[in-house]
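Please look over the sequence and the structure, then read the points below.

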Amino acid sequence: MNPIQEYFYRIEEPDRSTLLFLRKKILESDMENITETLSFGLPFLSIKRKCCVIFITVKNIKNIT
C-alpha cells in the first residue's frame, strides 16, 4: 500500500468512504492532467500545476453536521 492510501485508511468511517469516493471521482475526471502527491503528510491533487488538498479534521466534521 502506498503512503497516500495509508493516509486514507487511517481515517475512520464514514469519513474514509466519503473521501475515497471524492478522490476516485476527481482522478477519473481527467486522468491526463491530474497528478497525486503526498506533501506535508497530506494528499495533494495537482491539476495543471494548480493544487488542491484532500484533508478532513474532527473540527471540520463537527462544522458540517
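Which side chain meets that of arginine 16 in a salt bridge? The partner is glutamate 13, with 3.5 Å between N and O. The model is predicted, and its average pLDDT is 76 over the chain.

**Confidence**

- A pLDDT of at least 70 is reached by 74% of the residues.
- In residues 61-65 the pLDDT falls below 50, and this stretch has two contacts in the model beyond near neighbours in sequence.

**Salt bridges**

- The count of salt bridges is two.
- In the pair of arginine 16 and glutamate 13, arginine 16 counts as buried because its relative accessibility is 19%, under the cut-off of 20%.
- Glutamate 13 has a relative accessibility of 44% and therefore counts as partly exposed.
- Glutamate 36 and arginine 23 also form a salt bridge, in which the closest N and O atoms are 2.6 Å apart.
- This pair links distant parts of the chain, since glutamate 36 lies in strand 1 and arginine 23 in helix 2 (residues 15-29), 13 residues apart.
- Arginine 23 is buried because its relative accessible area is 14%, whereas glutamate 36, at 23%, is partly exposed.

**The strand pair**

- Strand 1 (residues 34-39) and strand 2 run antiparallel and are joined by six bridges.
- Within this pairing, isoleucine 34 stands opposite isoleucine 47 of strand 2.
- The two strands form a hairpin with two residues between them.
- Phenylalanine 40, in the turn, has a positive phi of about 55°.
- Strand 2 (residues 42-47) is largely enclosed by the rest of the structure, because five of its six residues are buried.

**The nonpolar core**

- Seven residues make up the largest nonpolar core: Ile4, Tyr7, Phe8, Ile11, Leu19, Leu42 and Phe44.
- Helix 1 (3-9) and strand 2 are the elements that give two or more residues to this core.
- Helix 1 provides the largest share, three residues.
- In soluble globular proteins, nonpolar side chains tend to be buried together.

Conventions: Residues numbered from 1 in each chain as written. Predicted model: local features only at pLDDT ≥ 70, side-chain atom pairs only at ≥ 80, totals over all residues. Heavy atoms only, no water. pLDDT = per-residue confidence, 0-100. Contact = heavy atoms within 4.5 Å. Buried < 20%, exposed > 50% of the residue type's maximum accessible area, 1.4 Å probe, protein only. Helix = DSSP H or I, 4+ residues; strand = E, 2+ residues; numbered from the N terminus. Pairing = 2+ DSSP bridges. Salt bridge = Lys/Arg side-chain N within 4 Å of Asp/Glu carboxyl O. Core = buried A, V, L, I, M, F, W, Y, C linked by side-chain atoms within 4.5 Å.
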